[in-house]
Amino acid sequence: MTAARTLKTPQDLADAGLLDRDRLAEIQTVADRYAIAVTPAIAGLINRNDPADPIARQFLPDPAELLTLPEERADPIGDAAHSPVKGIVHRYPDRVLLKAVHVCPVYCRFCFRREMVGPQGEGTLGPDEMAAAMDYIRADTDIWEVILTGGDPLVLSPRRLAAIMEALGAIPHVKIVRFHTRVPVVDPDHIDGALIAALKASGKTTYVALHANHPRELTDAARAACARLIDAGIAMVSQTVLLRGVNDDPAILGALMKGFVETRIKPYYLHHPDLAPGTSHFRMEIAEGQKIVSALRGTISGLCQPTYVLDIPGGHGKAVIGENAIRYGDGCYSVADFRGGEHRYPPQA
Ligand SMILES: *Cc1c(COP(=O)(O)O)cnc(C)c1O
Ligand code: SF4
């Protein structure tokens with residue numbers, strides 16, 4: 001059974017057979033706090049016979065979200081501390097985030113910006129706010145890359161995207177425009193000729209970073225949508241969140257990374273989940289994450305290796321947190337191979 005439109009309420013989910021009617025009241029409490037959206041493509045991917053389905057776990061509201069831990073926070077990666085004008089986050093000298101829209105085609109239950117996105121979120125930048133954001137980018141010649149995120153920028157109409165690309169296209173020091181999106185997976189038919197044309201500007205390089213967390217998300221339709229982007233000259237990288245009960249297994253994570261590479265998408269980041277409110281059921285110890293990531297090394301191609309990162313709470317940026325392969329002590333290095341064997345570097349004569 002495939003839904004014809006996006007499911008946005010517990011009642012919609014129940015009508016689509018994705019929620020038992022006797023749980024409606026309980027799930028309404030979650031819906032009152034955090035937005036819900038499940039696209040037809042995602043509803044069709046959910047295995048209704050599996051209570052632990054990894055697709056359902058990412059998108060269907062769960063009472064576990066009502067538990068907020070003391071260390072969790074509304075702005076887990078400290079965007080607010082680095083926002084000089086509305087819609088811009090400027091944490092690193094050569095690149096800025098441009099948050100044009102705070103709406104998404106789906107609402108991921110583990111979202112790090114869950115307090116900012118959704119119908120009750122921060123909305124879309126108005127024309128004056130967008131002009132001010134562009135002025136900021138134009139005024140700082142160190143800004144080499146603009147990263148559209150949000151929200152999901154690909155929910156904007158081709159007309160609005162083309163206007164953004166035209167404005168960025170006229171700024172000589174901006175060379176790269178990167179879009180972070182889930183659309184090719186959650187609404188693949190939306191990636192059509194008009195949208196693709198709107199993502200390109202003459203003289204600029206466009207990257208699309210695809211957010212996907214489970215190999216089943218890379219359906220034939222999703223892969224075809226990515227192929228359309230790449231065939232049009234857009235480069236793609238991936239971004240995945242390491243999630244308990246979704247991909248906390250080297251075999252599943254490896255299959256996902258291979259799926260990206262088969263689709264000509266270079267695996268980029270594997271994020272440790274951020275401390276967003278009501279998401280503790282998705283998080284694991286960093287040591288466990290390091291074990292999973294180490295297991296990928298040596299078992300699958302180097303092309304398939306993502307970089308495991310943590311966004312440091314408080315706005316201090318990302319840190320690479322994979323296990324250290326090399327240690328220094330007693331006047332020499334000791335380096336571990338993928339089987340765990342230790343080797344002295346340089347080797348003794
Ligand atoms: C994650 C992030 C970026 C992008 O970082 P990359 O390492 O270039 O992918 C840029 N700005 C902010 C504020 C970020 O949080
Ligand atoms: S698509 Fe991204 S911003 Fe939107 S809910 Fe999912 S994780 Fe959050």
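Mentor: Start with the domains, whose bounds come from an automatic or database domain assignment. Keep in mind that the model is predicted. For the protein chain, the assignment gives domain 1 (10–66) and domain 2 (80–323).

Trainee: How many residues of domain 1 are in contact with domain 2?

Mentor: There are 20 residues of domain 1 in contact with 21 residues of domain 2. On the domain 1 side, the elements that give two or more residues are α3 (40–45) and α4 (54–59). The largest share of that side, 5 residues, comes from α4. By class, the side has 15 nonpolar, 2 polar and 3 charged residues. As for the domain centres, taken over C-alpha atoms, 24 Å separate them.

Trainee: What should I know about a nonpolar core?

Mentor: In soluble globular proteins, nonpolar side chains tend to be buried together. Here the largest nonpolar core has 85 residues. Val38, Ile42, Val106, Tyr107 and Val146 are those with the most contacts inside it. Domain 1 (10–66) and domain 2 (80–323) each give at least three residues to this core.

Trainee: Which residues does Ile42 touch, not counting residues up to four places away in sequence?

Mentor: With those left out, Ile42 touches Ile55, Phe59, Val106 and Val186.

Trainee: Is Ala31 buried, exposed or partly exposed?

Mentor: To decide, count the other C-beta atoms within 10 Å: 20 or more means buried, 12 or fewer means exposed, and in between is partly exposed. Ala31 is partly exposed because it has 17 other C-beta atoms within 10 Å. Its place is in helix α2 (residues 24–33). Not counting residues up to four places away in sequence, Ala31 touches Thr9, Pro10, Ile36 and Pro61. Pro10 is 21 residues from Ala31 along the chain, and their C-alpha atoms are separated by 7.3 Å.

Trainee: Where does Tyr268 lie, and what does Tyr268 count as by its C-beta neighbours?

Mentor: Tyr268 lies in strand β7 (residues 266–271). It counts as partly exposed because it has 17 C-beta neighbours inside 10 Å. Tyr268 touches Ala209, Val237, Ser238, Gln239, Pro306 and Thr307, again not counting residues up to four places away in sequence. Ile286 is 18 residues from Tyr268 along the chain, and the C-alpha atoms of the two are separated by 18 Å.

Trainee: In which sense do strand β10 and strand β11 pair?

Mentor: Strand β10 (residues 326–329) and strand β11 (residues 332–336) pair in the antiparallel sense, over 4 bridges. Arg327 has Ser334 in β11 as its bridge partner. The hairpin of β10 and β11 has 2 residues between the strands, and in this hairpin Asp330 takes a positive phi near 50°.

Trainee: Which residues are around ligand 1?

Mentor: They are Ile77, Val89, Arg91, Tyr92, Arg95, Leu97, Ile147 and Lys318. The elements that give two or more residues to this shell are β1 (88–92) and β2 (95–99). The largest share, 3 residues, comes from β1. By class, the shell around ligand 1 has 5 nonpolar, no polar and 3 charged residues.

Trainee: And by which residues is ligand 2 surrounded?

Mentor: Ligand 2 is surrounded by Cys104, Tyr107, Cys108, Cys111, Arg113, Val117, Gly151, Asp152, Arg182 and His211. The shell around ligand 2 divides into 5 nonpolar, 2 polar and 3 charged residues. Tyr107, named here in the shell around ligand 2, is also among the residues with the most contacts inside the largest nonpolar core.

How values were computed. Residues numbered from 1 in each chain as written. Chains lettered and ligands numbered in written order. Predicted model: local features only at pLDDT ≥ 70, side-chain atom pairs only at ≥ 80, totals over all residues. Core = buried A, V, L, I, M, F, W, Y, C linked by C-beta atoms within 7 Å. Contact = placed C-beta atoms within 7 Å. Pairing = 2+ DSSP bridges. Near = placed C-beta within 6 Å. Nonpolar A, V, L, I, M, F, W, Y, C, P; charged D, E, K, R; others polar.
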